[in-house]
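Hello,

Here is the structure I promised to pass on to you. Have a look, and then read on for what I found in it.

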Amino acid sequence: MRRVNAVTAMLIVALLLIHVIAGGFQLAGIIGGGSTVMKVLAWVMLALIGVHMLIGVKLTADTLIACKRSGTSYYRENRLFWLRRISGFAVMFFIVLHVLIFLGREEGGVFRLNYFGTVQLLSQLLLVVSLILHIVTNIRPLMLALGSRKYRDFLLDVCVILSVVLILTAAAFIVYYIRWRVV
């Protein structure tokens, strides 16, 4: 199950990078509106996230059952484990908000986006922060689960690249927010 979760997570990261880069350009006003391909990729990514979430919930439940059986939990020693789980649940919450914010609606044959105010901006910035935290804390176990023996050299590069892309996404959300204020 962990191997399936690792492969699913890699697919999610690949789709996330496509989604983030294309969406960032759209939010910043560099390219036009979304295409059907991008919508399909977003929904596929959401389905994969659902699978990843279900596996994560199952693995977390197994851990809690093992802790209960053993009578010891070692919460302090397992802080990184719990940080991974809590950040994952935070990501899920903010993804729901992200979908609700950018789903939009059709009015008279014209597509309209939902209002993007300060609360929406804050929720999207928190999505970026929780994604950075979740991905960076889970890169090492992901690389190990995929059988990478020389992950140490690759680990820092991946963390830096993903963090930079997600920080640029936060900047795109801010530009989008400013564009809402000006227009």
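Predicted model: local features only at pLDDT ≥ 70, side-chain atom pairs only at ≥ 80, totals over all residues.

Residues are numbered from 1 along each chain as its sequence is written, and side-chain values use heavy atoms, with hydrogens and water left out.

The overall picture

The chain has five helices and two strands, where helices (H or I, at least four residues) and strands (E, at least two) are DSSP runs numbered from the N terminus. Their order along the sequence is α-α-α-β-β-α-α. The C-alpha trace spans about 60 × 35 × 25 Å along its principal axes. Of the 183 residues in the chain, 36% are buried. Taking contacts (heavy atoms within 4.5 Å) between residues at least 6 apart in sequence, 73% join residues at least 24 apart.

On confidence, pLDDT is the predictor's own score for each residue, from 0 to 100. The chain averages 86, and 97% of the residues score at least 70. Among the elements, H3 has the highest mean pLDDT (93) and E2 the lowest (70).

Helix packing

Helix H1 (residues 2-27) packs on helix H2 (residues 36-70) at an angle of about 145 degrees, and their axes are 9 Å apart. Here axes are lines fitted to C-alpha atoms, for helices over the stretch in contact, and angles run from 0 to 180 degrees between N-to-C directions. The crossing of H1 past H2 is left-handed, meaning that the near helix is turned anticlockwise from the far one by less than a right angle (clockwise would be right-handed). Residues making this contact include Leu-11, Leu-15 and His-19 of H1 and Leu-41, Met-45 and His-52 of H2. They divide into 18 nonpolar, four polar and one charged; Ala, Val, Leu, Ile, Met, Phe, Trp, Tyr, Cys and Pro count as nonpolar, Asp, Glu, Lys and Arg as charged, and the others, Gly among them, as polar.

H2 also packs with H3, at an angle of about 150 degrees and with the axes 11 Å apart. H2 passes H3 in a left-handed crossing too. Among the residues in contact are Trp-43, Met-53 and Gly-56 of H2 and Phe-81, Trp-82 and Phe-89 of H3. This contact divides into 13 nonpolar residues, three polar and one charged.

Two methionines

Met-38 sits in helix H2 and counts as buried, at 19% relative accessibility. Leaving aside residues up to four places away in sequence, Met-38 touches Ile-18, His-19 and Ala-22. Met-10, in helix H1, is partly exposed at 36% relative accessibility.

Aromatic pairs

Rings of Phe, Tyr and Trp (its six-membered ring) pair if their centres lie within 6.5 Å; planes under 30 degrees apart count as stacked, over 60 as edge-to-face and the rest as tilted. By this rule there are nine aromatic pairs. In one of them, the ring centres of Phe-102 and Tyr-176 are 5.8 Å apart and the planes lie at 40 degrees, so the pair is tilted. Phe-102 belongs to helix H3 (residues 79-102) and Tyr-176 to helix H5 (residues 151-182), 74 residues apart. Phe-102 is partly exposed at 22% relative accessibility, whereas Tyr-176 is buried at 7%.

Back to Phe-173: this residue and Phe-116 form a stacked pair, 6.4 Å centre to centre with 15 degrees between the planes. Phe-116 lies in the loop between strand E2 (110-112) and helix H4 (118-145) and Phe-173 in helix H5, so the pair ties together parts 57 residues apart in sequence. Phe-116 is buried, at 0% relative accessibility. Phe-102, Tyr-115, Phe-116, Phe-173, Tyr-176 and Trp-180 form one aromatic cluster.

Best wishes

Technical notes: Buried < 20%, exposed > 50% of the residue type's maximum accessible area, 1.4 Å probe, protein only.
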